[in-house]
Amino acid sequence: MIENFPFYLALIVVILFLIMLANKIKVTYPVLLVLAGLGISFIPGVPILHIEPELLFIIFLPPLLYEASWTISWKELWRWRRIISSFAFVVVFLTALSVAFAANHFIPGFSLALGFLLGGIVSPPDAVSAGAILKFVKVPKRLSSILEGESLLNDASSLIIFRFAMIAVATGQFIWYEAAMSFSWMLIGGVGIGLLIGLIFMKAHKYLPTDSNIDIALTFLAPYLMYIGAEEVHSSGVLAVVSGGLFLSYKRHSFLDSRSRIRSLNVWESFCFVLNGIVFLLIGLDLPEITEGLGDVSLSSAIGYGVLVTVVLVVARIISAYGAVVVTLIARNFIKVADRRHPGYKVPLLIGWSGMRGVVSLAAALSIPLHLDNGNPFPQRNLILFITFVVILLTLLIQGITLPFLIKKINMSDPDQVAPEEETELLIRQQLAEKALEHLHSNYSELLEKQPSLQQLARKWEDNKKMANDATMAEECKVVYLEILSEQRIWLLNKNKEEETLNEEIIRKQLQYLDLEEERLRYI
């Protein structure tokens with residue numbers, strides 16, 4: 001391990017360079033990272049990395065799911081709960097079923113149980129890949145909310161299918177009522193444990209004498225305790241992390257102060273940024289180990305099976321997306337909560353095409369044991385691993401590269417946007433200013449007459465209240481302001497050097513204020 005440490009550091013440098021390159025050429029970075037991993041794996045003398053599934057499940061998965069649950073909007077998640085639930089559970093099951101029958105029919109030696117096992121592994125689309133693509137293109141809010149919400153839940157449903165299929169392969173039988181009870185416990189237990197641990201952490205943040213550093217440390221402990229706690233009682237660790245993360249995210253303003261919220265956001269963004277890069281590079285680096293285990297199956301046949309399963313996945317997801325539209329059109333005649341507007345063909349097509357696979361599929365495939373309980377080798381394990389790799393690679397390359405062009409070609413309008421975002425933001429600012437002035441005059445009228453600082457705040461809110469739509473800071477004005485901030489920063493640094501007796505903490509405080517002002521420009 002320690003002798004390969006320089007190699008691991010070099011991988012981090014490669015990851016950072018490739019992500020910068022991906023941002024420069026407007027390509028989703030998981031694609032470049034997987035290809036780079038493939039290329040590095042063929043370099044003579046490069047250490048062969050053995051990826052432990054526990055490493056992916058325990059170390060990588062909880063924080064990535066936790067961070068995703070903090071960034072998603074609970075309001076949007078609840079608004080589109082029916083379509084999100086159908087894709088996260090029903091569509092995942094139908095996709096796994098399609099893969100099971102296709103594998104059983106076309107791949108020699110594949111039973112239906114093995115087909116379901118493979119289907120459970122490759123059925124969940126990857127949240128990171130879709131998110132990396134959507135940041136380069138503008139899509140309606142409902143589409144991004146559905147994709148984000150689905151990605152939070154489909155990992156749990158696919159891993160539940162995976163567990164049941166593992167039992168069926170190992171025992172040769174499937175007892176439906178035991179499976180139903182186990183499924184219910186995985187759902188209820190996972191959500192319950194996540195909410196319980198989330199509540200405990202919320203109380204700890206709120207009532208213990210914490211500071212921002214301790215708050216951030218607690219946020220790192222939370223997802224791991226949720227995941228491990230749920231898995232120890234044989235419920236869904238994924239659902240525990242998602243439910244607990246959503247709960248804490250929804251309540252964040254009641255137990256975290258502003259400094260903890262700002263600092264934790266920056267720390268988590270950087271942490272998950274590195275984790276995502278490592279995961280996708282590891283996918284490419286793992287190819288030699290996967291291909292070496294194919295045994296009697298030729299490489300060309302294994303690639304063909306991988307292509308077949310990929311086609312089944314893509315077709316099944318697109319058909320399911322349009323099937324969901326048909327169900328919605330029928331349901332709106334009987335229930336009021338169904339969306340009464342016709343979604344058209346664009347949204348289902350994009351949802352169907354945005355099914356890139358990633359880390360969860362790889363981790364599930366790697367977690368298949370080498371031997372059954374009776375000591376026999378696990379059937380088709382190496383072929384399942386290779387097919388999973390091919391599916392991840394093809395969906396990332398084909399769908400990952402073409403999805404931005406498809407989104408731009410379709411050029412969807414947002415049916416939920418009644419006014420431009422700029423107008424809505426301006427209206428909110430004006431209403432905030434009115435609320436501030438109302439509170440100030442109602443409760444502190446006498447103090448307002450005596451304190452110049454409060455009078456200055458009141459004038460600022462009066463200006464915000466009267467702000468016109470064209471009064472927001474234009475881009476050329478932002479350039480001037482950034483230049484002024486840069487000049488102020490240089491002056492502070494020079495002053496700190498020239499005056500030896502000046503307390504540097506004062507200078508640092510002013511420099512931090514300039515940094516906050518520069519950050520504020522992103523939101524005005």
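Which helix holds the place of Ser 69? In this predicted model, Ser 69 sits in helix H3, the stretch covering residues 53-71. With a relative accessible area of 0%, Ser 69 counts as buried, because the cut-off for that label is anything under 20%. Setting aside neighbours within four places in sequence, Ser 69 is in contact with Leu 152, Val 241, Val 242, Gly 245, Leu 246 and Ser 249.

Stepping back to the whole protein, the fold comes out with 23 helices and zero strands. Of the 524 residues, 44% are buried.

The largest nonpolar core has 118 residues, and Leu 117, Leu 118 and Ile 121 are the ones with the most contacts inside it. Helix H18 gives this core its largest share, 14 residues. Leu 117, Leu 118 and Ile 121 also turn up on the list of buried residues in H6, together with Leu 114, Gly 115, Gly 119, Gly 120 and Val 122. That list covers eight of the eleven residues of H6 (residues 112-122), so this helix is largely enclosed by the rest of the structure. As for Leu 118, once residues up to four places away in sequence are left out, its partners are Val 99, Ala 103, Phe 110, Val 309, Ile 384, Ile 387 and Thr 388.

H18 (residues 381-410) also pairs up with helix H2 (residues 29-41): their axes come within 9 Å and cross at roughly 135°. An angle of that size makes H2 oblique to H18, and the crossing is left-handed. On the H2 side, the residues involved are Pro 30, Val 31, Val 34, Leu 35 and Leu 38, and they meet Phe 389, Leu 393, Leu 396, Leu 397 and Ile 401 of H18. Sorted by type, this contact is made up of ten nonpolar residues, with no polar and no charged ones.

H5 brings Ile 83, Ile 84, Phe 87, Ala 88, Phe 89, Val 92, Phe 93 and Ala 96 to the contact, while H8 brings Ser 145, Ile 146, Gly 149, Glu 150, Leu 153, Asn 154, Ser 157, Ser 158 and Ile 161. Here the tally is eleven nonpolar, five polar and one charged.

Finally, two residues fall between the buried and exposed labels. Lys 346 belongs to helix H16 (residues 346-353), and its relative accessibility of 27% is why it counts as partly exposed. The C-alpha atom of Lys 346 is separated by 9.9 Å from that of Tyr 322, a residue 24 positions away along the chain. Gln 488 is placed in helix H22 (residues 475-498). At 37% relative accessibility, Gln 488 is likewise partly exposed. Between the C-alpha atoms of Gln 488 and Leu 514 the separation is 8.1 Å, with the two residues 26 apart along the chain.

Definitions and conventions:
Residues are numbered from 1 along each chain as its sequence is written. This is a predicted model: local features need pLDDT of at least 70, side-chain atom pairs count only at pLDDT 80 or more; totals for chains, interfaces and linings use all residues. Side-chain values use heavy atoms; hydrogens and water are left out. Axes are lines fitted to C-alpha atoms, for helices over the stretch in contact, and angles run from 0 to 180 degrees between N-to-C directions. Helices (H or I, at least four residues) and strands (E, at least two) are DSSP runs, numbered from the N terminus. Angles under 35 degrees count as roughly parallel, over 145 as roughly antiparallel, 65 to 115 as roughly perpendicular and the rest as oblique. A crossing is left-handed if the near helix is turned anticlockwise from the far one by less than a right angle, and right-handed if clockwise. Contact means heavy atoms within 4.5 Å. Ala, Val, Leu, Ile, Met, Phe, Trp, Tyr, Cys and Pro count as nonpolar, Asp, Glu, Lys and Arg as charged, and the others, Gly among them, as polar. A nonpolar core is a set of buried Ala, Val, Leu, Ile, Met, Phe, Trp, Tyr and Cys residues joined through side-chain atoms within 4.5 Å. Buried means under 20% relative accessible area, exposed over 50%, partly exposed in between (1.4 Å probe, protein chains only).
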